[in-house]
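Dear colleague,

I am handing over the structure below, followed by what was found in it. Please read the notes alongside the coordinates.

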Amino acid sequence: MASAAENAQRHHREEIRRRWMLSAPALLIILVAATGPLLVMLAYSFMAKGDYGDVKFGQFSLDGWFSVLFQRDMFDDTVTLADAHLSILWRSLRLSLITTLATLALGFPTAYFIATRPRHTREIWVFLVTIPFWTNLLIRTFAMQQVIRNEGILNNALRALGVIDEPLPIMYTDWAILFGMVYVYLPLMVLPLYASMEKLDFRLIEAGYDLYAGRLAVLRRIIIPLVKPGIVAGSILVFIPSLGAYVIPRVLGGGKNMMLGNLIELQFGSGRNWPLGAAISITLMALVMVALLVYVRNAAKSGAQHG
Amino acid sequence: MAAPDRPQDKRNAIEAKGIVKEFGQGASALRALDNVSISIRENEFFTLLGPSGCGKTTLLRMIAGFEYPTEGAILLHGEDIASLPPFRRPINTVFQSYALFPHLSVWDNIAFGLQMLGRPRAEIDARVATMLKLVRMEELAKRRTDQISGGQAQRVALARALAPSPKVLLLDEPLSALDYKLRKEMQIELKRMQHETGITFVFVTHDQEEALTMSDRIAVMSKGRVLQVGSPWDIYDKPADRFVADFIGETNFLAASVIGFSEGLVRVRLSSGAEIAATLAEGARPGGDVTVVVRPEHARAVKEGGHLSGTVENVVYFGTDTHIHIRIPGGETFTVRQQNARAQSCGFAIGDAVGIDIAADAAQVLRD
């Protein structure tokens, strides 16, 4: 006869097996549908490019990776930095960073506003913030175009007010991409910020005021340190999709203001250079991974200090 | 009525004048404070005592600056501070939940106020060290606030509020989260700290025993009004009205009628026909039918005679003393508390006929 301890242990093992079984379908999909294609991309990036797209299977080549940063002159074979790629990479990083900072600047007061409403009205505010989510990204991007184009709402309004004589050429500039990304990704910043502000004990703010901290000091010394997890989470959620944005720079940035996503699409499309496209994709993923690691380490460190 | 009062010429630290506080507007407005006026003297341990919802915390928050009065003025050393934000008032608070900053260490919590005041680093270091010593937390200075016990958190909250040397320290039910034994210890500790620092303490509690043991003076509040202000002795022995008498300690209410006055006392006739002398609460109308109160320990159960008579309804043994519940004609119950001087029973059993002897000057005529 099995002892009670053996019984408990067997029960525990069964429980673990049951959980594995239950999560198996999801794990299988993640493995096959997510990791699989990534491995294919990794393999493609090390192959020679086909003449009309595709790759030459089995032909190992570092040309794809080489072309990410360098270019070979057509006539004299001199190697120079691929300025076009570097400027696109730089634009992607810069615009994503500015987008993250702008959504933080806009989202912080918004989240604070919602978190300080009476409990029953907060849900309504959160719902209002998420409404754009229920709309297709392409539609939202075209809506933004209607606002910022030369004959759009913004320019017409500014002209009617007499602020400007000529329409501001916003479309097809980095500004257009920035406006679009801030608008689209703002909810991704507001929601995690709100989630951590909702947990904020507002008596701590009173304690701060009581101990001679003015409004700015309370914000800097109490609120920001306490909602830091929300700031970190929101920044990750905005920065990562910004870096890989495709639709927004395509529609609002026109052909010449590309970001990494557009460059990748170009290589797989009319560029007919799949190994290069694959190599840039892996590069983008690596950038995202680095950003994530920095954040996670930062969060873990502050977590260890502050709980 | 020689209450052991402090000299009247002492300066007032806090004066509240005709404070009205309404939450909401129009007909649905809730009146949390209704024409409250109190004076809190310098270096005094002053307690606001009342049941929850009586407005005591609202009044405290108003002194701190978290609420603004609808009407009236709040004076600190004679200057109106009602419009100053909390961070411009030299007043600190120990919050009910302590509200320690979870992202800062014990040391940083205590230093926070001094840092915000822009004090030099050396002064902050010295002051925090003094405070840690005062609350006996030197060893735990580097701890995070979630790594210390409730009693320790309480001490840190106290040290944090005392560190900037406020003119007035406000304490919002700071002991309510502690268990009984720790609460007793902290009561003594608080008194010691008030004595050592010489700071005016304004203490809010709903615990009448806590109020009686710690305070120099107590303001009893109910439904947004101050019913009585006085020393613990005043409040307990000379309650002004039925609420105060009922809220603080156990008491017996007796119907009586006034029959005359002599030497500041009033002679009343009890329902039994017996006549006793009673003190008169401030503002009590000295005529007609009145209510008098007698504390259970100011009466004795006697075999014969006494001012009242009845039958023993219950005898409850409490260790140090025994409560004898006596039903008196008219249907009311009168409780007598007798000390158990020797290891013997009180000598009364349920159903016994018994007399009640009320000590001289023990009865008080109430205001209402």
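Of the 307 residues of chain A, 30% count as buried, a residue being buried if 20 or more other C-beta atoms, placed from the backbone, lie within 10 Å of its own. This is a predicted model, in which local features need pLDDT of at least 70 and side-chain atom pairs count only at pLDDT 80 or more, whereas totals for chains, interfaces and linings use all residues. Residues are numbered from 1 along each chain as its sequence is written, while chains are lettered from A and ligands numbered from 1 in the order in which they are written.

Chain A has 13 helices and 4 strands, these being DSSP runs numbered from the N terminus (helices H or I, at least four residues; strands E, at least two). The radius of gyration of chain A, taken over C-alpha atoms, is 25 Å, well over the 19 Å that the globule rule (2.2 Å times the number of residues to the power 0.38) gives for 307 residues, so chain A is more spread out than a compact globule. Along the principal axes, the C-alpha atoms of chain A fill a box of roughly 85 × 75 × 35 Å.

Two helix pairs involving α7(A) may be of use to you. The axes of α5 (residues 137-148) and α7 (residues 174-198) of chain A come within 10 Å and cross at roughly 130°, where axes are lines fitted to C-alpha atoms over the stretch in contact and angles run from 0 to 180 degrees between N-to-C directions. That makes α5(A) oblique to α7(A), since angles under 35 degrees count as roughly parallel, over 145 as roughly antiparallel, 65 to 115 as roughly perpendicular and the rest as oblique. In this pair, A:Leu137, A:Arg140, A:Thr141, A:Met144 and A:Ile148 in α5(A) meet A:Ala176, A:Phe179, A:Gly180, A:Tyr183 and A:Val184 in α7(A), contact meaning that the C-beta atoms of two residues, placed from the backbone, lie within 7 Å.

The axes of α3 (residues 83-115) of chain A and α7(A) come within 6 Å and cross at roughly 45°, which makes α3(A) oblique to α7(A) as well.

Finally, the contact between the chains takes 20 residues from chain B and 16 residues from chain A. On the side of chain B that touches chain A, β6 (91-94) and α2 (106-116) of chain B each supply at least two residues, and the largest share, 3 residues, comes from α2(B).

Best regards

Notes
A residue is buried if 20 or more other C-beta atoms lie within 10 Å of its own, exposed if 12 or fewer, and partly exposed in between; C-beta atoms are placed from the backbone.
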